[in-house]
Amino acid sequence: MRKLNKSVRLGLGSALVTLGLSTVAMAQDYDWPRLLVIGTPGTSSGSFASTNGWGPTLQKETGTTVRIVPEDSEPMRYKRLTDREDIAISSVSASEIASQTEGVGGYASAKPMAQRILWHHNDTPWGFVVAGDSDLNSLEDIAKGGVRVTSGVFSPAIVTAVTQALPAFVGLTPEEAAEKITFVPASSYGENCRSVVEGKSDVAYCSPISSVLSEMEGAPGGIRWLAMDPENKEGWEAYLAYRPMTIPTKVSLGVKTAQGVNSMTSNFVYSIAETADVDFAYNMAKWIHQSHDAYKGSHALAARMSADLFRGYLNSNPIPIHEGTVKYLREIGHWTDEDDVWNNAAIEQMDQWIAARQAGMKAAMEQGVEINFENEAFLEIMAKHTEGLKVFRSRL
């Protein structure tokens, strides 16, 4: 049996609480943990709100005590899931998992540990937002210079999107971007987005489904979104070179100002450690699917957790799926032998990254080089050990 996360292990051996449980839960014949801790981005995120939507239903139907913990720092939530093991499930974008695995940005010095997808959370739209009275009318206007863009230092993936992918999309070299754009640091997602209506910045990278965007939409002057022209093939190719997990789309979820704007999607998933118990993953997947009708009305994003939407996402997803989830999806006819092929390749790819980065860290320690993502000597060692490895990219 695989090792359980600490929060899952708390309930091992405990009897299922029968008082007041639904017939669905009674039929599952699984000893749920006494405590199940789920980590999400901060309280202003749609991820936090939607997880709080289905969490009480899980608690009612299974008897497990569900705690939703907002953790705005992506590196810290990753550490709590994989290393500290004080959360059992994390709501995270698939692109963030890729960054965590590959050691991008601030993750370079984080302990390399493998993850697996438990279930699809939502197909989150993202875009670049400005204040309603902004002088910027298009993303291309950024290339003119003198623009402040918020850089959410709490998320290496967001930093990459803002400081590298965005300039590339509008045709700026890194040197030109450093000259023409002022990157304004923000320490939380809420601070990141509010910066444009508070006058601290001109452009922010946000998701229109977040509650903070509803708040911003009602601020004096309101907000606007800068479209990403789908016909700008050169711009998109440049953007995807830095953010390969992104999928171009027209926004159909979230605040009214974003509706119909050409932008992008970055899917959020519920991830678990690779070492999570197979029975736990299997029964979580089973509950999420079978109880969907009971909780899908609790939040707009909870409706995106259907097995059919998950099946659709699997057609482009490059991140490994946990074997407990695979077992359940196969039972309900949502997994094929062809899925085994790409999933096994994804597992091998993740294992290669983890092994290479572990070897790089070992070499750095043996050479007395400080393991710090801002230490160029350390980054050079890591680059040598990961050279030639394929980055994770959506299977479009």
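Student: How do the residues of the lining of the largest cavity divide into nonpolar, polar and charged?

Tutor: Bear in mind that this is a predicted model. The lining divides into 10 nonpolar, 11 polar and 4 charged residues. The space inside comes to about 230 Å³. In total 25 residues line this largest cavity, and the closest to its centre are Pro41, Glu74, Trp126, Tyr189 and Phe268.

Student: Which elements give two or more residues to that lining?

Tutor: Helix 3 (46-62), helix 5 (94-102), strand 4 (115-131), helix 6 (156-169) and strand 10 (262-273) do. Strand 4 has the largest share, with 3 residues.

Student: How many cavities of 30 Å³ or more does the count give?

Tutor: There are 3. Strand 10 has the largest share, 3 residues. The lining divides into 5 nonpolar, 7 polar and no charged residues.

Student: Now the cores. Which residues touch the most other members of the largest nonpolar core?

Tutor: Look for Trp54, Ile89, Leu118, Trp119 and Met284, in a core of 49 residues. Helix 11 (residues 278-290) supplies the largest share of this core, 7 residues. Take Leu118 as a case. Leaving out residues up to four places away in sequence, its contacts include Ile89, Tyr270, Met284, Ile288 and Phe310. A second, separate core has 44 residues, among them Ala143, Val196, Val212 and Val261.

Student: Why can charged side chains pair?

Tutor: Opposite charges can pair when the charged atoms come close. A search of the whole structure finds 14 salt bridges. In one of them, Arg148 and Asp202 have their closest N and O atoms 3.1 Å apart. Arg148 lies in strand 5 (residues 147-152) and Asp202 in the loop between helix 8 (189-194) and strand 7 (204-206), so this pair ties together parts 54 residues apart in sequence.

Student: Which parts does the salt bridge of Glu215 and Arg194 tie together?

Tutor: The N to O distance there is 2.8 Å. Glu215 is in helix 9 (residues 211-217) and Arg194 in helix 8, so the pair links parts 21 residues apart in sequence. Glu215 is partly exposed at 45% relative accessibility, and Arg194 is partly exposed at 25%.

Student: Which residues do shared partners join into one network?

Tutor: Glu71, Arg80, Arg84 and Asp86. Within this network, Asp86 and Arg84 meet at 2.6 Å, N to O.

How values were computed:
Residues numbered from 1 in each chain as written. Predicted model: local features only at pLDDT ≥ 70, side-chain atom pairs only at ≥ 80, totals over all residues. Heavy atoms only, no water. 1 Å grid on protein atoms, 1.4 Å probe; cavity = no way out; pocket = protein on both sides within 12 Å on 5 of 7 lines; lining within 4 Å. Points joined across faces, edges and corners; volume = space filled by probe spheres on them. Helix = DSSP H or I, 4+ residues; strand = E, 2+ residues; numbered from the N terminus. Nonpolar A, V, L, I, M, F, W, Y, C, P; charged D, E, K, R; others polar. Core = buried A, V, L, I, M, F, W, Y, C linked by side-chain atoms within 4.5 Å. Buried < 20%, exposed > 50% of the residue type's maximum accessible area, 1.4 Å probe, protein only. Contact = heavy atoms within 4.5 Å. Salt bridge = Lys/Arg side-chain N within 4 Å of Asp/Glu carboxyl O.
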